[in-house]
Amino acid sequence: FTKKIDECSPDVIGFSMVEPTFILGMKLLNFAEKIIIKNGIKVVVGGVHAIFAPETVSQNKLVDFISISEAENSLPELCQRLSSGRKVSDLNGFWVKDNGGWIKNPQYELTDVNTLPPLDFSLFTDSYLTKPMMGKMYKTVSIETTRGCPYHCSYCGDQGFRVLFKENGPWYREKSIDKVVNELESYVNVYQAEFIYIISESFLAGNPKRLRSFCEGYSKLSLPFWFNTRPEDITEEKAKLIRDVNCKRTSIGLESGNEQFRKDVLRRKGTNENILKASKILHDCEISFSVNIIIGFPDETREMVFDSIDMCKKMNPDSISTHIYSPYHGTEMRERCVEKGYIEESLIAEDFFQADYVLRNNTLSRGDIMGLFRTIPLYVTLPKGEYKRIERAERFDGKGNLLFQELKR
């Protein structure tokens, strides 16, 4: 990292961080302290974590600016002011260091996603674009079709953004279909894309008319594509539309198979009946899909985890993705964890490798969660007659590890 700084001689270094990469980012920054001070380099920190918890960033003495808003427009303005020697202390969208303290300016206006240029993937090597999907490697480009989410899940930062930026306009924004199609055509021509990853919190949400318009434009490309969506947004009409333009896979969020907990605590209102109906539609249209579940929510019990396992069995997806709950800054559920004493208020949720469980004194222990985390695919895949052996494989001891490897094979 310091070698790269030495080669580039930058005027400004920018760090964009989510909470799991915050500590790593600060370590990198501190490691480069000598060259940063020697060369008088300005340091800007932004991203999701900086927006929700700027006070944690402000503790690092090397940071000069903290972005508290989307930065597509505010960061270029900051750089232009620095370049021309103009005043920067009053720039909206930033906390600005000033004589050891911080000037806390208001938020910058929300970005109009329809004014953004196409992404410049030429900045990266070809290997950056090569990604695995369904057993093959494809040159894959990503495209943002919407920003934000129309839903209000208690464990997700999107709801926090909606509240934080409520005076700036709607957090959920849609990019015009014409712009989406034009960008895609550009990516195919310039980068010879073979697969498309559509970045959207729930791609099938909203008016079917918008989806019909997308499919009409996309039919000229008809490259295989993948996206995330929610089961309540899946209808037979929508599934047939995306199937006919070469949708190869989708990931849908179940999160918890306990309908009451999902509704009352997670704020996800879809019923189990409707989720199973959505799964059947995908199967009937021969669209491959994976299901996401989260374990270790505050006050979740082992029985609730098995509600998720039972739902996954019934949904019969092509794969499942299990995630360990993490109490991110900016979410309503983190506040619940602090109030109940499950975490310290100062906790940074550093869970990048899903190798730990940070809630303490919850209904499920760290050992419970880590054991379930590694065996859930076995519970979902194998018959219930194997459940006793799988339960023994949850334990990280000699016998448990051997049994886990046997069942895995």
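Let's start with Arg 230, which lies over the face of Tyr 151, 3.7 Å from the ring centre. A charge counts as over a ring when NZ of Lys or CZ of Arg is within 6 Å of the ring centre and within 35 degrees of the ring normal. Lys 104 sits over a face too, that of Trp 95, at 4.4 Å from the ring centre.

A quick word on what you're looking at: this is a predicted model, where local features need pLDDT of at least 70, side-chain atom pairs count only at pLDDT 80 or more, and totals for chains, interfaces and linings use all residues. Residues are numbered from 1 along each chain as its sequence is written, and side-chain values use heavy atoms, leaving out hydrogens and water.

Now, rings with rings. How many aromatic pairs does the structure hold? There are 24. Rings of Phe, Tyr and Trp (its six-membered ring) pair if their centres lie within 6.5 Å; planes under 30 degrees apart are stacked, over 60 edge-to-face, and the rest tilted.

Take Phe 261 and Phe 297: they form a tilted pair, 5.9 Å centre to centre with 50 degrees between the planes. Phe 261 is in helix H12 and Phe 297 in the loop between strand E13 and helix H14, so this pair ties together parts 36 residues apart in sequence. (Helices, H or I of at least four residues, and strands, E of at least two, are DSSP runs numbered from the N terminus.)

Is Phe 297 buried or exposed? Buried, at 0% relative accessible area; buried means under 20%, exposed over 50%, partly exposed in between, with a 1.4 Å probe and protein chains only. Phe 297 also forms a tilted pair with Tyr 325, 5.4 Å centre to centre and 40 degrees between the planes.
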